[in-house]
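The sequence and the coordinates are shown first, and the points follow by topic.

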Amino acid sequence: MKTVKIALLLAILGGAMPALAFKQVQDPAMASQAIPHDPRAVPRATLGWDKLADTKETQKRVQEVNRLIAVFGPGVKSLDGQPFTVAGFFLPLDTGETSRSFLLSSLAPTCPFCPPPGPADLIQVSAAEPVTATLDQVTLEGTLRLSAEDVNGIYFHLENARVVPKS
């Protein structure tokens with residue numbers, strides 16, 4: 001009977017653990033102040049991403065196939081073609097140590113428990129000069145372009161991007 005109670009208690013606690021598993025860290029600097037190796041500290045970049053948050057997806061029928069397209073809010077639309085600064089995490093599109101074309105994510109790619117990025121969590125980057133792949137957060141500035149009907153589902157593009165040196 002005691003074994004059944006312990007097993008039941010472990011099952012209940014185990015079921016509750018996923019809800020306790022994540023503690024989103026809005027400020028990446030705060031992630032380093034979390035308990036060392038605390039799996040609940042999920043680094044998330046903040047610089048620039050809040051300006052893209054008013055982006056939704058909807059379905060559109062194209063050549064008899066339903067595709068997802070972006071619907072940008074007025075604030076996001078006003079950013080098209082404008083200088084834009086954003087901090088995020090490097091997601092390579094090739095195997096080299098440097099790249100001029102890569103994705104930038106608001107979520108740290110090293111978190112196996114993080115949800116996949118949504119439409120406002122990825123930017124395709126075309127850099128002016130090769131950028132070295134890193135697991136650390138990188139800050140970029142360039143020209144933001146919106147692409148509501150991108151076939152790859154990447155609705156934000158940062159053109160002629162350059163790395164902003166850390167101060």
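**Briefing on the predicted model**

Aspartate 121 lies in the loop that runs between strand S6 (98-105) and strand S7 (122-132). The model is predicted, and the mean pLDDT of the chain is 78. The points below begin with this aspartate and its serine partner, then turn to the nonpolar core, a helical proline and the confidence of the prediction.

**Aspartate 121 and serine 106**

- Aspartate 121 has a relative accessibility of 13% and therefore counts as buried, the cut-off being under 20%.
- Setting aside neighbours within four places in sequence, the contacts of aspartate 121 are Arg44, Trp49, Leu104, Ser105 and Ser106.
- One of these contacts, tryptophan 49, is 72 residues away along the chain, yet its C-alpha atom is separated from that of aspartate 121 by 7.3 Å.
- A polar contact of 2.9 Å links the side chain of aspartate 121 to the side chain of serine 106.
- Serine 106 is likewise placed in the loop between S6 and S7.
- With a relative accessible area of 0%, serine 106 is buried.

**Nonpolar core**

- The largest nonpolar core comprises 27 residues, and Leu104, Ile123, Val125 and Phe156 have the most contacts inside it.
- Two or more residues of this core come from each of strand S4 (65-72), strand S5 (83-92), S6, S7, strand S8 (137-146) and strand S9 (156-163).
- In soluble globular proteins, nonpolar side chains tend to be buried together.
- Not counting residues up to four places away in sequence, isoleucine 123 touches Trp49, Leu52, Phe84, Val86, Phe102, Leu103, Leu104, Ile154, Phe156, His157 and Leu158.
- Leu104 and Trp49, which are among the contacts of isoleucine 123, are also in contact with aspartate 121.

**Proline 74**

- Proline 74 belongs to helix H3 (residues 74-77).
- The relative accessible area of proline 74 is 66%, so this residue is exposed, the cut-off being over 50%.
- Between proline 74 and aspartate 54, 20 residues apart in sequence, the C-alpha to C-alpha distance is 8.2 Å.

**Confidence of the prediction**

- A pLDDT of at least 70 is reached by 74% of the residues.
- Of the elements in the chain, S9 has the highest mean pLDDT (98), whereas helix H1 (residues 2-20) has the lowest (36).
- Residues 1-37 have a pLDDT below 50, and in the model this stretch has 29 contacts beyond near neighbours in sequence.

Methods
Residues are numbered from 1 along each chain as its sequence is written. This is a predicted model: local features need pLDDT of at least 70, side-chain atom pairs count only at pLDDT 80 or more; totals for chains, interfaces and linings use all residues. Side-chain values use heavy atoms; hydrogens and water are left out. Helices (H or I, at least four residues) and strands (E, at least two) are DSSP runs, numbered from the N terminus. Buried means under 20% relative accessible area, exposed over 50%, partly exposed in between (1.4 Å probe, protein chains only). Contact means heavy atoms within 4.5 Å. A polar contact is a pair of N or O atoms within 3.5 Å; within protein, one must be able to donate a hydrogen and the other to accept it, and residues adjacent in sequence count only if both atoms are side-chain atoms. A nonpolar core is a set of buried Ala, Val, Leu, Ile, Met, Phe, Trp, Tyr and Cys residues joined through side-chain atoms within 4.5 Å. pLDDT is the predictor's confidence in each residue, from 0 to 100.
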